[in-house]
Amino acid sequence: MPSDKDQEREDRIHNEAIVDCYGEYEQAAGWHCYLEDRLTFPFKAKCIRVRTISPLKFGEVVEVTNMADQDDCLHEMFVIIRFMDRRLAVPLVQLQPIDADESTTEAVEDWHYWMGR
């Protein structure tokens, strides 16, 4: 996670993801819309961080199929993956896109940056 301020990324986040957002709920809704608009589904992703709320193991590769419902993303962004013949929501912060398009990769990196602040 980045520790230095990335002004270009900061500007993009403030102008596209959380523009005109005044509270936590509005910011969560803004992020959900931003990610839903920028992520191209499906895409492959690798688990880069283990979380106790997720069954993914470090290095595991999954297919991300879409965003979780906005109501499930009020405090953190979740995406839906195919997992053991089921659909499961996992935190986006634990995934790194593999061979995804530029928009998807940049949007996920924006979310990682925001969470690392």
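## Salt bridges in this model

A salt bridge here is a side-chain nitrogen of Lys or Arg within 4 Å of a carboxyl oxygen of Asp or Glu. Side chains of opposite charge can pair when their charged atoms come close. This is a predicted model, in which local features need pLDDT of at least 70 and side-chain atom pairs count only at pLDDT 80 or more, while totals for chains, interfaces and linings use all residues. Residues are numbered from 1 along each chain as its sequence is written, and side-chain values use heavy atoms, with hydrogens and water left out.

By that definition, the structure holds 10 salt bridges. Let's look at some of them.

## Arg12 and its partners

Arg12 pairs with Glu106, and their closest N and O atoms are 3.4 Å apart. Helices are DSSP runs of H or I with at least four residues, numbered from the N terminus.

Asp110 also forms a salt bridge with Arg12, with 2.8 Å between the closest N and O atoms. Asp110 belongs to helix α3 and Arg12 to helix α1, so this pair ties together parts that are 98 residues apart in sequence.

How accessible are these side chains? Asp110 and Arg12 are both buried, where buried means under 20% relative accessible area, exposed over 50%, and partly exposed in between (1.4 Å probe, protein chains only). For Arg12 the relative accessibility is 13%, whereas Glu106, at 23%, counts as partly exposed.

## From helix α1 to helix α2

Glu16 and Arg38 meet through their side chains in a salt bridge of 3.7 Å, N to O. Because Glu16 lies in helix α1 and Arg38 in helix α2 (residues 24–38), the pair joins parts that are 22 residues apart in sequence. Glu16 is partly exposed at 45% relative accessibility, while Arg38 is buried at 16%.

## Cysteines

A disulfide is a covalent bond between the sulfur atoms of two cysteines; the cut-off used is a pair of cysteine sulfur atoms within 2.5 Å. The structure holds 0 disulfides.

For Cys21, the closest cysteine sulfur is that of Cys33, at 8.7 Å, too far for a bond. Cys47 is in no disulfide either, as the nearest cysteine sulfur, in Cys73, is 17 Å away. Cys21 is buried, with a relative accessible area of 18%, and Cys47 is buried at 0% relative accessibility.

Notes:
Helices (H or I, at least four residues) and strands (E, at least two) are DSSP runs, numbered from the N terminus.
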